[in-house]
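Reader: I would like to learn how to read a helix and a sheet in a model such as this one. Could we go through them slowly, with the cut-offs stated?

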Amino acid sequence: MHQRIPRSLRFRFFVALGGLLLCAIASLAAISAWLIFPTLQAEERATVKRELDRVERSFKLDQQQLHAQVRDWAHWDDTYQFIRGDYPRYADVNFSQEMFEDMRYQFMAFFTSSGEVHFLAGINPETGSYQTCRATIGDCSWMTPWVNSMQAAIEDNRTDQISIYANHPPAIVASSPVLRTDKRGVSPGWLFKTRTLNSEWLSFMEVYTGLPISLSLSHESAPLSDSFSFSGNTVVAERYFPVSGSPTPMSLSIGIELNRTSYLTSLTTFRYVLLWTAGLMIMVIALVLLLLEKIVLKPLRLLTQFTQQVGTDGTDTYGLTKRNDEIGLLSRTFQEQFACQQQLNAELLKLSTHDALTGLPNRRLFDQRLETAFAEAVLAPNALAVMMLDIDHFKLYNDHYGHQCGDECLQQVAGAFNSIATAFNFLIARTGGEEFSAILPGVSPESAKEIGEQLTQAIDHLQLPHATSPVKPYVTVSVGIAMLKDSKSPSASAVMSAADQALYLAKAAGRHQVVLFKPPLANTTFSAHNTPL
Ligand SMILES: Nc1nc2c(ncn2[C@@H]2O[C@H](COP(=O)(O)OP(=O)(O)OP(=O)(O)O)[C@@H](O)[C@H]2O)c(=O)[nH]1
C-alpha cells in the first residue's frame, strides 16, 4: 500500500510552473497593452501627422506660387502702364479664359492707389463664363464680395500678402502693389488674384499629393491644430488653418483619409507573434513537463514506492537498482542501507534474545516462548514439559579453575545441550549463571525424563574435569522436570516453579540426576512425592 503524498514534488512543481505560465501570459498581455499597442498607435499618429504636414506643405506651396505669380505680374512695366491708363490693350493681350483656366485663377482685380476698381476679370463660378469689367455691375455683380474684401484689405493695409477668404467655396487670395519692373517709383495701385479651393483644386491637390483630400469651413476660429478620428480600416485627419477677411472668426480645415493598412498589418503581425509566442511557450512548457515527468518525476515516484515496498517485501519491481543514473544510485544505496539496517536489526534482536557467552536463547526469549507454548498447550490441549538444568558445584569449579575456565565450561555444556535440543527439536536457554531451562511441547513425562537423562549423559560424555566436585571427578548436571498438568495452577510461572522444585530435589538427593515433579497427594508432603529417579 503506497502512501499518498499530499504536497508531492510533482504537485508543487506543477503549481509553480502553472503560476509561472500565468505570470508570463499576464506579462505578455501587460506589455502588449501598455507598451506595444500604444507604441503602434503613436507610430500611426506620427505617420498621419507626416501626411498632414505633406499636404500642408503642398497647400502652402500652392499659395506661394500664386503670390509669386501675382508679384511677377504686379512688378511688370506693362501692368504699371496699364494701371496708369497708358496701355489700353493690356487686358486684351494678356487675359483670356484659357489663361485663367490654365493658371487656375478664379478672379483677378486691379485697384488704383485710391482703392478704386481699375479692371476686373474672372470666371463666373455660376456660369463658368469668362468676364471682364470696369465695375461690379451687370454680369460682373458676382465679383462684388471679392472686391469688397479686397478693398477692405487695401484700407487695412493688408496687401502684398497671401490670405484665405471664407467664401463658398473658400479661396486663397494673393495681393501685391503694382510697381515698375525695376521696382522704382510710387505704386499706382494693387493687383489681386484669387484661386478658389473648389473641386478642381481638390482634384489637383489629390493628384499632387496622392491623397484623397477634403476641405471645410468652420464658423469657429481655431489655432493651427490637428484632429484625428480612427474608425475601422480608415483614419480621418484634419488640420485647421485660421481664415482672414471674414467679419466673424472662421477656420479652414483640410482633411485627409488614410488607410490604416500599415497599422493594421503591424497589429495583425504582432498578434500573430504574440499568439505564436504564447503557443510556443505553452508547447515548450508542455515538453519540459513531459520530459520532467519521464526523466525525473516518474522515477522519483517509483523510487518513493520502492522505498515503501522495500521495507515490506524488499522486491525491486521497477528495476530501479539496475538504472545507471542518480535514481539507480539512490535505489542501490537505499537497498544496501536497508539490508545493512536489517542485518543490524537481526543482530540487535539476537543480542536481545540470546546469551552472549553461550549463544543459547536467553531468559527473555525463553519467557516469550514459554508463554506461547503454554497458550498453545492449553488451547490444544496438549502436554507440555519444562526442564531446569544446573551444573553441580559450579562455584567449586570456578574457585578451582578460575572464572575464565568456568566460562569455557559453560560454553561446552551449552553446546552439548544445544546438540540434544536440536536433535529433539526443542528450545533450551541459558536462564541463569550456570542454570539452563528447556521447553518440551507435546512430550510425555517418560519422554521428558528420557531427554533429561540424555542431557545429563551428554555432559558426562564431555568428561570435563572437576577435581573438587564431591559428586564425580568431572562436571555433572542435575535436572528438574515438571509437566504442565502437574503444576499447582495452569500458568507458565507455576510449571516453572514446579520444575525448580524438582531441581531442588535433584540437588538435595545428591545431584547428577533427573527428578520429575510429582504433585503432592492429599495429606502428604510435597517432597515425599518428588523423589529422584
Ligand atoms: N565462570 C562463570 N561463573 C559463573 C557465571 N555465572 C554464575 N557463575 C558462578 O556459578 C556459581 C554458582 O554457585 P552456586 O549458586 O553456589 O551453586 P553451585 O556452586 O553450582 O552449587 P549447586 O548448584 O548447589 O550444585 C557462582 O560461583 C557464580 O559465580 C558465569 O557466567 N561464568
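Reader: Which residues are buried in α5?

Author: First, the basis: this is a predicted model, in which local features need pLDDT of at least 70, side-chain atom pairs count only at pLDDT 80 or more, and totals for chains, interfaces and linings use all residues. Residues are numbered from 1 along each chain as its sequence is written. A residue is called buried if 20 or more other C-beta atoms lie within 10 Å of its own, exposed if 12 or fewer, and partly exposed in between, with C-beta atoms placed from the backbone. Helices (H or I, at least four residues) and strands (E, at least two) are DSSP runs, numbered from the N terminus. In α5, the buried residues are Trp-146, Ser-149, Met-150, Ala-153 and Ile-154. They lie on the same side of α5, because they cover an arc of only 140 degrees around the axis, the arc being that of the directions from the helix axis to the C-beta atoms.

Reader: What covers the buried residues of α5, and which exposed residues does the face turned away from its buried side carry?

Author: Contact here means that the C-beta atoms of two residues, placed from the backbone, lie within 7 Å. The cover includes β1 (107-112), β4 (162-165), β5 (171-177) and β6 (189-196), whereas the face turned away carries the exposed Thr-144, Asn-148 and Glu-155. After α5 comes Asn-157, with a positive phi near 60 degrees.

Reader: What is the order of the strands in the open sheet of four?

Author: Strands of a sheet pair through backbone hydrogen bonds, either parallel or antiparallel. Two strands count as paired if DSSP finds at least two bridges between them. In this open sheet the order is β7-β10-β9-β8, with antiparallel pairing. Because β7 (213-218) and β8 (225-231) stand at the edges, each with a single partner strand, one side of each is left without a neighbour in the sheet. Seven bridges join β8 to the antiparallel β9 (residues 234-243), and Phe-228 stands opposite Ala-237 in β9.

Reader: Which helix packs on the sheet?

Author: Helix α1 (residues 9-74) does, touching β7, β8, β9 and β10 (250-259), and its direction makes about 125 degrees with that of β10. Such axes are lines fitted to C-alpha atoms, for helices over the stretch in contact, and the angles run from 0 to 180 degrees between N-to-C directions.

Reader: How many residues lie between β2 and β3 in their hairpin?

Author: Six residues lie between them, and Gly-128 in the turn has a positive phi of about 80 degrees. β2 (residues 117-123) and β3 (residues 130-133) pair in the antiparallel sense over four bridges, with Ala-121 opposite Thr-132 in β3.
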